[in-house]
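Reader: Please take a close look at one helix pair in this model. Then place it in its surroundings.

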Amino acid sequence: MAEKDVVFRVKRYRPGHDAAPHYQEYRIPYTDDMVVLDGLNYIKDQIDPTLTFRWSCRMGICGSCGASVNGKLRLTCGIFIKEVRGRAVTVDPMPNFPILKDLVVEFDDFLRKLQDVKPYIVRGEEKPLAEGEYLQTPEDVEAYRQQSMCINCMLCYSACPVFAASDHFVGPAASALAYRYIRDSRDEGADERLGILSTKTGIWECTFVGECSVVCPKDVDPAGAIQNLKVLASIRQMRELLVPKWARR
Amino acid sequence: MDDTTSAWNPGLENVRADAERRRARGEVLLEPMVWGLFSLGGMVTAFLFPVVMLAMSLAVPLGLWPADRIGFDAYAGRLADPLFRIFLFALIGGSLFHGAHRLRHMLLDAGLKRADPLWIVILYGIAALGSLAALYYALLRDVFGIRLPFLD
Amino acid sequence: MPRFLPYTSKRPAGWWLRNPRYLLFQAREVGGILTAAYGLVLLYQLRQFHRGPSAFEWFQAMLQSPPVVLLTFVVFGFIMVHALTWFQSLARAQPVALTKRPMPWRQAFAVTVVLWILVSVVVLYLFFGGL
């Protein structure tokens, strides 16, 4: 294959050295089968070992390599260099997160929110092992399958203008995962999770812009999940207000 | 080890206590309710407003209808139908709560979060008062004969 | 040990100009607010009716004056954006499960638009004497 060149403009930021992030340009050869991540790795291996970025599986399942490529939120392993239009491939770190170094952002906040929504099966009474496994039909699985595909890449948080302005917002991925567990037939924690989500910084901050679902590389549809959570939370509140405690459950 | 203990289910004991604490801290009462009204208003405005605007405001300037179809007698004729009265009430109430909620969220999104109690009182207040006024003009006054001189 | 200085920045004021979906979202929000504006017009019109023919006709004449009509067309444009994006939102979220599996959203959108046209025709004939 004939060797072609492309210019990579990558956002650099060295904490303690730089006052603000700035672009650095690298001209690299590329082939049609290279993705943007391959370009970044080429730069790191051959040109500038100080370039810092996250990556792991290089096949769109680990969720490590999120970035803004020419203004579009993508996993760098999931977009071919030849697909990127324009004179240069501009790579920025994911917006709406504090930048630690170069393309690496800090997402402790997201991890805390994820923990807050209890992303695991919660039961009132555990079934003893002797009684066997929990049974689910294919329909039971289908109810939560879409939201279970989330790889925690956080591109949805970068897309969300509400999160951009208010970092207390629980956000799309955490909400989608809460929904995944609420919809799981083995789970009995719906009430607890809806209580956690039905706060001022929970799902009620969402104004259904919908960009989170547009950028999601795994088609999780967090926007749809949040709207469904709003319906569930509203029904739950009405039940709490209208049905006395002794009549519930 | 008894396999029904919480030892291998990290969430079991903590979930309820945690949730109670968190609920005490911040669960909102207002949001689900106004969101419900907002949704209802959204259905009403999305499905009904285009045709109502066309009929009552745009058909005449567009030359589709003669002017008397939106005149006093035509309006009185429509109000003879109690269904139309309920229809008007739904249009006004729905659009007011829908618009109030959207405007409040626009203001919060623009950063004016600390004045939220003010927005709640003003915006939902106008929506509530407007809906009550619509209830009066459309239904209470003529159908039930209730009179409120300050509104007449 | 070097100091740990993560870089943070605020959301830019023109964020909604960055892509067509954000722009449509803002238009939708404005449309929602403008429905309340027209709702107030309907309320005032109802009040004027109760004050008698001259009060009502004065208000109608004011509404039919050219600058107000122009404004009404602009508002109508936003209300149409609001309606269509509302149907799109319904189709995307499908909060009420009418089918076993969620429909592809374009199909749900088409169904909702057809429903809207039907409702509009019914309203036109039921309350306004038809075409």
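Author: In chain B, the axes of helix α3 (residues 72-79) and helix α4 (residues 82-109) come within 6 Å and cross at roughly 100°. Axes here are lines fitted to C-alpha atoms, for helices over the stretch in contact, with angles from 0 to 180 degrees between N-to-C directions. α3(B) and α4(B) are therefore roughly perpendicular (65 to 115 degrees). From α3(B), B:Tyr75, B:Arg78 and B:Leu79 make the contact (heavy atoms within 4.5 Å); from α4(B), B:Phe84, B:Arg85 and B:Leu88 do. By class, that is 4 nonpolar, no polar and 2 charged residues. Nonpolar covers Ala, Val, Leu, Ile, Met, Phe, Trp, Tyr, Cys and Pro; charged covers Asp, Glu, Lys and Arg; the others, Gly among them, are polar.

This is a predicted model: local features need pLDDT of at least 70, side-chain atom pairs pLDDT 80 or more, while totals for chains, interfaces and linings use all residues. Side-chain values use heavy atoms, without hydrogens and water; residues are numbered from 1 along each chain as its sequence is written, and chains are lettered from A in the order written.

Now the wider chain. Chain B has 5 helices and 0 strands. Helices are DSSP runs of H or I, at least four residues; strands are E, at least two; numbering starts at the N terminus. Among chain B contacts between residues at least 6 apart in sequence, 55% join residues at least 24 apart.

Technical notes: Parallel < 35°, antiparallel > 145°, perpendicular 65-115°, else oblique.
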